[in-house]
Amino acid sequence: MLAALRRMVDPHARLMHVLGAQEVPVFPAISMRVLQLLRDPEISLKRAGDELARDPGLSIQVMRLANSAA
């Protein structure tokens, strides 16, 4: 059983090995739209989140910032 645990590969390490140092691109039009929505005091966070979800690269950057110590 211990040998089976040693053979298990960390999924994050495996993903980084497959992807290398590739970055997911951010689409400027969606970034600008999200900023525009966030400036509106009447907008719901759900609507801004739905717009943010349309851009995987921007979503990744927001998640990195949200999970960081900053």
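In this report a residue counts as buried when its relative accessible area is under 20%, as exposed when that area is over 50%, and as partly exposed in between, with a 1.4 Å probe and protein chains only. The structure is a predicted model, in which local features need pLDDT of at least 70 and side-chain atom pairs count only at pLDDT 80 or more, while totals for chains, interfaces and linings use all residues. Residues are numbered from 1 along each chain as its sequence is written, and side-chain values use heavy atoms, with hydrogens and water left out.

The protein chain has 70 residues, of which 16% count as buried. It holds 5 helices and 0 strands, where helices (H or I, at least four residues) and strands (E, at least two) are DSSP runs numbered from the N terminus.

Side chains of opposite charge can pair when their charged atoms come close. A salt bridge is taken here as a side-chain nitrogen of Lys or Arg within 4 Å of a carboxyl oxygen of Asp or Glu, and the whole structure contains 2 of them.

| Salt bridge | N to O distance |
|---|---|
| Lys 46 and Asp 50 | 3.2 Å |
| Glu 51 and Arg 54 | 2.8 Å |

Lys 46 and Asp 50 both belong to helix α4 (residues 45–52), where they stand 4 residues apart, about one turn of the helix. Lys 46 counts as exposed because its relative accessibility is 58%, whereas Asp 50, at 42%, counts as partly exposed. In the other pair, Glu 51 is buried, with a relative accessibility of 14%, while Arg 54 is exposed, with a relative accessible area of 53%.

Helices α2 and α5 (56–67) each supply at least two lining residues, and the largest share, 4 residues, comes from α5.

Helix α2 spans residues 11–19 and includes Met 16, which is partly exposed at 39% relative accessibility. Together with Leu 15, Val 18 and Leu 19, Met 16 makes a nonpolar surface patch of about 350 Å²; such patches are made of residues with over 30% relative accessible area and no salt bridge, nonpolar side chains (Val, Leu, Ile, Met, Phe, Trp, Tyr) being joined within 5 Å and like charges within 9 Å.

Terms used:
Accessible areas come from the Shrake-Rupley method with a 1.4 Å probe; for residues, only the protein chains shown count as cover.
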